[in-house]
Amino acid sequence: EWYQGARLDVKKSGGSMHKSESLFSEIYFGFDKETLYLRIDPLNSFADFREGTTLSIITSNPSEIKIVCPVTGQSSSGELFVKKGDQWMKEKEIVAVAVGDIFEIGIPFADLKAKEKDEINLHISVKRDSEEIERCPWRGHISITVPTADFEAMMWH
């Protein structure tokens, strides 16, 4: 199901902040006209991550949004926060999350406060307790343009 998704090879993108080897091997992303989909493949296994480890998807454009998901235990949801001033305010729960051999999430563009043709800039952050132990990409961000309403018709004709 991910064969047409865009792929970021973490080993070629600069990898990790504090060590020579990243926690991830690849990040895939794709979308339909309403939802952004992300898949994150760990280098080893999410089962090896210590308790208290979270994965966050953080956008800086068009709005500052943070989705925090535990990657240990049995949780299959995340919390969406919106930055208001200097504070992160919880707005809702995201339930389209799966953590197993890989991490997958579906995030409606509306939840990211993004509309057609907006550019979304995002990065992935992993924290253990409150310390960031990984950022992908290490520098910069992944850019995704929100598709227009005729996106699916253009892709299939």
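Predicted model: local features only at pLDDT ≥ 70, side-chain atom pairs only at ≥ 80, totals over all residues.
Q: Buried means under 20% relative accessible area, exposed over 50%, and partly exposed in between (1.4 Å probe, protein chains only). By this scale, is His 123 buried or exposed?
A: Residues are numbered from 1 along each chain as its sequence is written, and side-chain values use heavy atoms, with hydrogens and water left out. The relative accessible area of His 123 is 14%. This value is under 20%, so His 123 is buried.

Q: Which elements, in which order, make up the protein chain?
A: Helices (H or I, at least four residues) and strands (E, at least two) are DSSP runs, numbered from the N terminus. The protein chain has 1 helix and 12 strands. From the N terminus on, the order is β-β-β-β-β-β-β-β-β-β-β-β-α.

Q: Which element has the lowest mean pLDDT?
A: The protein chain averages a pLDDT of 84, and 82% of the residues score at least 70. Over residues 13-19 the pLDDT is below 50, although this stretch has 22 contacts (heavy atoms within 4.5 Å) in the model beyond near neighbours in sequence. Among the elements, strand 6 (residues 78-84) has the highest mean, 96, and the lowest, 55, belongs to helix 1.

Q: Which residue has its side chain joined by a polar contact to that of His 123?
A: His 123 is found in strand 10. Leaving out residues up to four places away in sequence, His 123 touches Ser 56, Ile 57, Ile 58, Arg 135, Cys 136, Pro 137 and Gly 140. A polar contact is a pair of N or O atoms within 3.5 Å; within protein, one must be able to donate a hydrogen and the other to accept it, and residues adjacent in sequence count only if both atoms are side-chain atoms. At 3.2 Å, such a contact joins the side chain of His 123 to that of Arg 135.

Q: Which residue takes a positive phi in the hairpin of strand 10 and strand 11?
A: Two strands pair if DSSP finds at least two bridges between them. Strand 10 and strand 11 (residues 131-136) are antiparallel and share 5 bridges, and Val 126 has Glu 134 in strand 11 as its bridge partner. The hairpin has 2 residues between the strands, and the residue with a positive phi near 60° is Asp 129.

Q: Which residue in strand 9 stands opposite Val 97?
A: Strand 9 (residues 103-108) pairs in the antiparallel sense with strand 3 (residues 35-42) over 6 bridges, where Thr 35 is the bridge partner of Pro 108. Strand 8 (residues 97-99) also runs antiparallel to strand 9, with 3 bridges, and a hairpin of 3 residues joins strand 8 to strand 9. Opposite Val 97 stands Ile 105.

Q: How many disulfides does a search of the whole structure find?
A: A disulfide is a covalent bond between the sulfur atoms of two cysteines, taken here as a pair of cysteine sulfur atoms within 2.5 Å. Cys 69 is buried, because its relative accessible area is 0%, and Cys 136 is likewise buried at 0%. Over the whole structure, the number of disulfides found is 0.

Q: With which residue does the side chain of Ser 77 make a polar contact?
A: Ser 77 lies in the loop between strand 5 (65-70) and strand 6, and its 17% relative accessibility is why it counts as buried. Leaving out residues up to four places away in sequence, it touches Cys 69, Pro 70, Glu 93, Ile 94, Val 95 and Val 97. The polar contact, at 3.1 Å, is with the side chain of Glu 93.

Q: What distance separates the C-alpha atoms of Asp 150 and Lys 33?
A: Asp 150 is found in the loop between strand 12 (142-145) and helix 1 (151-156). Its relative accessible area is 40%, so Asp 150 is partly exposed. Asp 150 and Lys 33 are 117 residues apart along the chain, and their C-alpha atoms are separated by 8.2 Å.

Conventions:
pLDDT = per-residue confidence, 0-100.
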